[in-house]
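Please read these notes beside the model, taking the points in order.

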Amino acid sequence: MAIFKLHTPFTPAGDQPTAIKALSKGLSQGLHHQTLLGVTGSGKTYTVANVIANFDKPTLVMAPNKTLAAQLVQEYREFFPENAVHYFVSYYDYYQPEAYIAHSDTYIEKEAMINAEIDRLRHAATQALLTRRDVIIVASVSAIYGLGSPEQYEKMHIKIVVGDKLSRAQLVRKLVGIYFTRTNADVMPGHFRAIGNSVEVMPVNEKVLYRIVFDEVGHTSVIDTLDAVSRARVGTPTSLFIFPAKHFVTSVEERERALTSIRTELDEQLAKLKREGKDLEVERLKRRTLHDISLIREIGYTTGIENYSRHFDGRAQDEPPYTLLSYFPHTKDGRADFLTVIDESHVTVPQIGGMYAGDRSRKNVLIEYGFRLPSARDNRPLQFDEFEDRIGQVLYTSATPGHYEREHSIQPMGQIVEQVIRPTGLLDPELSVHGVVGTGDYGGQVADFIDETQKVIANNGRILATTLTKVMAEDLTNFLKKRGIKAAYLHSDVKTIDRITILTKFRKGVFDVLVGVNLLREGLDLPEVELIGILDADKEGFLRSETSLIQTMGRASRNVNGRVLLYADVMTGSLTRAIEETNRRRTIQLAYNKKHGITPKTIHKEIHDIAQSLRSEHEKTISSLLTIDAELYKKAPKKFLKEKYARMKAAVMALDFETAAIIRDELALLEGDESLKKKQIRRR
């Protein structure tokens with residue numbers, strides 16, 4: 001019986017039926033490498049969804065960035081609503097790795113801001129892989145970084161069954177042992193609180209509260225599932241599984257073995273440094289490592305514990321770490337038993353291959369100067385050949401496949417399948433080259449772009465603009481705003497969830513123009529876009545290579561009025577080839593449309609707030625309350641506020657701090673408390 005159930009309101013069309021059949025046949029024949037060369041707007045994701053349903057195995061989809069990964073999650077959830085589709089990306093909103101700059105004697109301590117909601121989604125992904133097979137994980141390059149042993153993670157879970165002998169004190173100790181945090185306030189994911197003869201706990205992968213009630217003889221008498229906000233009972237399960245709150249977990253026995261191993265390595269490294277006459281490094285390493293050992297022994301955790309992962313995992317020196325790939329199923333002889341889809345492979349493949357060297361170089365300096373033990377090198381991303389060894393059959397998708405994909409997809413061991421014809425009949429956009437130099441505050445290209453932009457806005461269309469730097473993107477956005485044009489910028493400094501929110505607002509028409517550098521390329525599905533302006537298109541380089549230009553121009557191929565303005569005074573090789581390839585594809589589509597009597601129509605795609613699934617329940621609740629209460633507040637503000645303050649105080653008296661916090665934040669927003677507004681923005 002098939003484990004994946006594909007839901008779709010339409011049937012394959014254009015090149016899709018041929019591509020689905022060829023790729024599915026290739027998988028059944030055991031082809032290891034296949035490439036789907038699909039133009040923008042040809043429905044590559046839909047084709048891949050059909051292939052996944054036919055292959056019927058757990059699937060890893062790798063995307064080049066968090067924004068595209070979030071979009072793919074939404075699309076696959078629509079195709080597979082009955083199956084488990086999860087999101088796995090880096091949980092850092094901000095990350096400064098630990099480093100040492102020798103020439104200036106500057107030590108940079110690791111600094112990171114973890115997004116708790118994304119951390120929850122990562123746990124949901126790994127737990128789904130350990131408990132079911134109908135799983136699709138959409139991941140970024142974070143999938144090749146160290147994660148902790150899946151065996152230990154699974155082994156350390158707590159199973160609670162109604163009627164079993166388990167006291168309140170025993171459960172509290174077990175929860176602390178798998179890194180749950182005890183609290184007397186709001187219970188958030190990864191936290192618990194003990195009240196009377198019960199314990200309330202929120203698993204790290206869920207947004208519901210479980211209340212476990214104990215009887216007088218030390219047995220579990222009741223398990224209640226509670227709504228996290230209203231605290232209404234929504235279920236009474238007879239059993240409950242709680243996985244660890246962190247991916248790096250070990251039993252007490254394993255911990256002691258690891259600490260002994262760490263101490264042995266410390267002694268060896270100290271002796272080596274002494275022989276080299278590095279007295280300062282000896283003292284530095286000894287003090288730091290002994291401090292970490294003490295914390296791990298006392299509380300089971302320390303900042304930077306991942307640097308000791310080799311000892312906890314029991315791995316040999318230079319042995320690859322456990323990663324997300326380790327959580328996917330494998331056959332008895334160790335072969336991967338899942339499908340890997342590498343989306344926008346021309347970007348993602350080089351990205352995977354480039355992670356190891358930079359990490360290794362930074363760690364070597366830290367080890368040389370006594371900040372870390374040599375085993376810190378083994379807390380690392382996979383090398384590319386290690387990645388290849390850990391994945392099974394691979395499907396690359398791109399409108400512009402790179403050399404690696406083309407080389408590995410050569411018959412008879414692989415194949416390249418083209419998907420050039422769009423079922424919608426939409427053509428590649430019309431291209432026109434305009435000069436860069438001119439008059440005006442920002443030069444001719446900006447003045448011309450503004451003129452063209454205003455025509456599109458009058459037609460209720462959207463516009464993309466790409467620049468060469470972040471500063472140029474911000475400056476152009478501000479310049480457009482001064483001209484009365486609703487604009488926003490998008491680049492790598494914008495936080496993950498904020499990027500998704502900006503894209504959603506752009507599609508809804510809150511902004512007419514979106515300015516970016518390198519994020520407005522691969523895979524973004526923006527059918528409202530009628531015009532793209534590529535500034536400085538003749539500046540040969542990565543951002544204006546043939547691949548980059550084709551990918552950027554492709555964003556306008558989902559709209560029947562799609563046009564691209566290429567601002568260039570010199571026709572570079574990349575620009576010439578990109579124009580020729582785009583026109584070739586346009587000619588093929590025109591011939592197909594004429595043969596089948598197809599009139600192109602703009603894609604109409606429902607606008608989902610894909611950031612909504614990444615926001616906390618607290619923020620969603622406040623948002624819904626504001627929608628309901630705004631009118632009441634306008635009619636009688638004083639009366640409304642008085643009643644709300646009374647409800648907040650009553651909630652505090654009842655020790656219901658979560659409800660009180662929701663009312664407090666809603667009141668602050670209604671009353672225009674700017675400081676709290678900023679706090680809300682920072683949370684998102």
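**Notes on backbone and helix packing**

1. D318 counts as partly exposed, because its relative accessibility is 42%, a value in between the limits of 20% for buried and 50% for exposed. The structure is a predicted model, and the points below should be read with that in mind.

2. D318 is found in the loop that runs between α9 (309–313) and β17 (339–343).

3. Is Y179 buried or exposed? Y179 counts as buried because its relative accessibility is 10%, which lies under the 20% cut-off.

4. Which peptide bond is cis, with omega near 10°? The bond in question leads from Q411 to P412, and P412 sits in the loop between α13 (403–408) and β19 (414–419).

5. Turning to helix packing, two packed helices are described by the angle between their axes and the distance between the axes. For helix α7 (residues 252–275) and helix α8 (residues 279–299), the axes come within 10 Å and cross at roughly 175°. The two helices α7 and α8 are therefore roughly antiparallel to each other, given that angles over 145 degrees are classed in this way.

6. On the α7 side, the residues that meet α8 include R255, E256, L259, I262, R263 and L266, while the α8 residues in this contact include E281, V282, L285, K286, T289 and L290. By class, the contact of α7 with α8 has ten nonpolar, two polar and seven charged residues.

7. Helix α17 (residues 546–553) packs with helix α18 (residues 573–596) at an angle of about 45°, and their axes are 8 Å apart. α17 and α18 are therefore oblique to each other, and α17 passes α18 in a right-handed crossing.

8. Which residues of α17 meet α18? They are E546, L549, I550 and M553, and their partners in α18 are S574, L575, R577, A578, E581, T582 and R585. Sorted by class, the residues of this contact between α17 and α18 comprise five nonpolar, two polar and four charged.

Definitions and conventions. Residues are numbered from 1 along each chain as its sequence is written. This is a predicted model: local features need pLDDT of at least 70, side-chain atom pairs count only at pLDDT 80 or more; totals for chains, interfaces and linings use all residues. Side-chain values use heavy atoms; hydrogens and water are left out. Axes are lines fitted to C-alpha atoms, for helices over the stretch in contact, and angles run from 0 to 180 degrees between N-to-C directions. Helices (H or I, at least four residues) and strands (E, at least two) are DSSP runs, numbered from the N terminus. Angles under 35 degrees count as roughly parallel, over 145 as roughly antiparallel, 65 to 115 as roughly perpendicular and the rest as oblique. A crossing is left-handed if the near helix is turned anticlockwise from the far one by less than a right angle, and right-handed if clockwise. Contact means heavy atoms within 4.5 Å. Ala, Val, Leu, Ile, Met, Phe, Trp, Tyr, Cys and Pro count as nonpolar, Asp, Glu, Lys and Arg as charged, and the others, Gly among them, as polar. Buried means under 20% relative accessible area, exposed over 50%, partly exposed in between (1.4 Å probe, protein chains only).
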